Amino acid sequence: MHRVFKCTAAGAMAFLSALMVSTLLTGCKFQPGWGYNKGYAPEQPIAFDHSLHVGTNKIQCQYCHNQVERSKHSNIPALSTCMNCHLQVATDKPGIQKLREAYDSGGSVEWVRVHMLPDFVHFNHNAHIAKGVNCQTCHGPIETMKRVEQFSDLSMGWCINCHRQPENKAPLNCTTCHY
């Protein structure tokens, strides 16, 4: 015996709604684009070696990204932060000379953004720092990266999996990240 299913507008809407909800609950893994750039490591205008600065020299992330504890957003370091050391250190290197030229002229360096999220997602850096989440949780072993790359896919599912861990006591309501 064969069953015949009629496609009605209501049935189609129910199917599409169920598909959308299941996609959201799985972390939107079927949607390419912003926030799913795991492994993305763009070339920067000046090579910056995090393995040297963070790994070898043990400079804390918050020294350069000094707004991360006070702001929802992490900042790109000001040239003056770089020059705190590089007025004296490695001044003969071409990249440092390029930094110095920008600094002396009052200009800036146009760094290429690595970690991107959709416009409808709001990630609060200072809330995570205040809860003791270290940078490597999301950004990976930054202290080993010669060129920064997006370590995690930063999908909704990836974030929710962390929030669901009982020890994290993190909120699961949608308005935490979508407002």
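Which residues in α4 meet which residues in α5? Select Leu79, Ser80, Cys82, Met83 and His86 in α4, then Ile96, Leu99, Arg100, Ala102 and Tyr103 in α5; these residues meet, contact meaning heavy atoms within 4.5 Å. The residues of this contact divide into 7 nonpolar, 2 polar and 1 charged.

This is a predicted model, in which local features need pLDDT of at least 70 and side-chain atom pairs count only at pLDDT 80 or more, while totals for chains, interfaces and linings use all residues. Residues are numbered from 1 along each chain as its sequence is written, and side-chain values use heavy atoms, with hydrogens and water left out.

Next, display the two helices (DSSP runs of H or I, at least four residues). α4 and α5 pack at an angle of about 125°, with axes 10 Å apart, the axes being lines fitted to C-alpha atoms over the stretch in contact and the angles running from 0 to 180 degrees between N-to-C directions. The two helices, α4 and α5, are therefore oblique to each other.

Now select Ile46, Leu79, Cys82, Met83, Ile96, Leu99, Ala102 and Val109, the 8 residues of the largest nonpolar core. Such a core is a set of buried Ala, Val, Leu, Ile, Met, Phe, Trp, Tyr and Cys residues joined through side-chain atoms within 4.5 Å; buried means under 20% relative accessible area with a 1.4 Å probe, protein chains only. α4 (79–86) and α5 (94–104) each supply at least two of the core residues.

Finally, select the buried residues of α4: Leu79, Thr81, Cys82, Met83 and His86. Their cover includes α2 (50–56), α3 (61–64) and α5.

Definitions and conventions. Buried means under 20% relative accessible area, exposed over 50%, partly exposed in between (1.4 Å probe, protein chains only). Angles under 35 degrees count as roughly parallel, over 145 as roughly antiparallel, 65 to 115 as roughly perpendicular and the rest as oblique. Ala, Val, Leu, Ile, Met, Phe, Trp, Tyr, Cys and Pro count as nonpolar, Asp, Glu, Lys and Arg as charged, and the others, Gly among them, as polar.
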